[in-house]
Amino acid sequence: MYRYFAVVLLLAFAFHQSFGTNVTIKDKGGKLCLYADLMVNFSVSYQKNDSKMATVPFPLPNNVTTNGSTCETNNSLLMIHFGKGHSWSMNLVRNGSVYQADSIVFVYNLTDNTLFPHAKDNGTANVTVVPKITDVGINTSYSCKSEETFVAKSVNQTLWNVLIQAFVTSGTLSENVTACVADRTTTTVAPTTPSTTTSTTPVTTTPTPTLPAPTTGNYSLKVDVNSTACLLASFGLRLGVKLGKKYEEMNLDPNVTRVSGSCGVDSSQLMLMSDSVNVTLTFTNDTKKFRLHVFNATGTTRIWDAIF
């Protein structure tokens, strides 16, 4: 099935560097035994009191606690608590000279009216996923700047800018790094040669947009309520999709759009959510410049993806 994706986008951005969630776990002797610096974005769908569904995007905050984290000889648990009864944990298992993460458990509290207003259900819910963190050598840190997204039940989790070392034996972080497969893999696209074959297939042109110009919205992110903005954006957005002979367009209305996301040293995300479409813009930092790396828009009935 052929898909056509069109975006009308005028952008103006400003960045201030910020850091992801950084935690250190020490053993009973006060020595470092587990370290993690990472960024996680969540998107949770839940049912409201009026039986309608709502989707809430939010990042793992900087302000967390690590009660329940443990360091054992062959098993370590990174436990992160945040907000009103939410937690995110990663279980790490050692097998001889290597270790791996065998599960991630995300627990969210639906009674948190700040994140989940008018939720029909009470109490907590949880999802478990398996990350691709394997065969990391002892006295080696695992690094992955690329995004890894987990889809489970009503929750999407995106994990990136990860630096983890478990089973630290010397009390200090190792300079040896095991990079994830996504960071090590590069793809080369061979140039294409124009075809000389005459085609009798009629050329389909994209219809001229009939919507008014999209309204410019001003969006900003802060690390916390007391800090200055770490990301500023001002743009108007129109989305168009073509499936077969059908073509549709919509404008993002900033007046009914909710803003979320996160700021990092090497990567930042701006997440915009309305009743009709969710938009995520991922930016990467390249020395003194930044660029739009991934644009993702999810509609009610279809998904558009464009990677720049």
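**Disulfides and their surroundings**

Author: The torsion about the S-S bond of Cys33 and Cys71 is about 75°, so this disulfide is right-handed. The link joins distant parts of the chain, with Cys33 in strand E4 (residues 32-47) and Cys71 in strand E6 (residues 70-71), 38 residues apart. Please keep in mind that the model is predicted.

Reader: By what criterion is a disulfide assigned, and how far apart are the sulfur atoms of Cys33 and Cys71?

Author: The general idea is a distance cut-off: two cysteine sulfur atoms within 2.5 Å count as a disulfide. In this case the sulfur atoms of Cys33 and Cys71 are 2.0 Å apart.

Reader: How many disulfides does this rule give?

Author: The rule gives 3 disulfides. With the bonded cysteines of the protein chain numbered in sequence order, the pairing reads 1-2, 3-4, 5-6.

Reader: Are Cys33 and Cys71 buried or exposed, or in between?

Author: The general idea is to compare relative accessible area with two limits: under 20% is buried, over 50% is exposed, and partly exposed lies in between. Cys33 has 5% relative accessibility and therefore counts as buried. Cys71 has a relative accessible area of 25%, so Cys71 is partly exposed.

Reader: Which parts of the chain does the disulfide of Cys230 and Cys263 link?

Author: Cys230 and Cys263 form a disulfide with their sulfur atoms 2.0 Å apart. The pair links distant parts of the chain: Cys230 lies in strand E17 (residues 229-235), and Cys263 lies in the loop between strand E20 (258-262) and strand E21 (267-273), 33 residues apart. The torsion about the S-S bond is about 75°, so this disulfide is right-handed. Cys230 is buried at 5% relative accessibility, and Cys263 is buried with a relative accessible area of 6%.

Reader: What is Asn91 in contact with, apart from its neighbours within four places in sequence?

Author: A contact requires heavy atoms within 4.5 Å. Beyond those neighbours, Asn91 is in contact with Asn75, Ser76, Leu77, Gln100, Ala101, Asp102 and Ser103. Asn91 itself is found in strand E8 (residues 86-95). Its relative accessibility is 17%, so Asn91 counts as buried.

Reader: How far apart in space are Thr298 and Ser276?

Author: Sequence separation and spatial distance are read separately. Thr298 and Ser276 are 22 residues apart in sequence and 8.7 Å apart in space, C-alpha to C-alpha. Thr298 lies in strand E23 (residues 289-299), and at 27% relative accessibility Thr298 counts as partly exposed.

**The whole chain**

Reader: What does the secondary structure of the protein chain come to?

Author: The protein chain has 1 helix and 24 strands. Of its 308 residues, 41% count as buried. The chain exposes about 17500 Å², of which carbon and sulfur atoms supply 52%.

Reader: What share of the contacts with a separation of 6 or more comes from residues 24 or more positions apart?

Author: Such residues account for 54% of those contacts in the protein chain.

Note on methods:
Residues numbered from 1 in each chain as written. Predicted model: local features only at pLDDT ≥ 70, side-chain atom pairs only at ≥ 80, totals over all residues. Heavy atoms only, no water. Helix = DSSP H or I, 4+ residues; strand = E, 2+ residues; numbered from the N terminus. Buried < 20%, exposed > 50% of the residue type's maximum accessible area, 1.4 Å probe, protein only. Areas by Shrake-Rupley, 256 points an atom, 1.4 Å probe, with all protein chains shown as cover.
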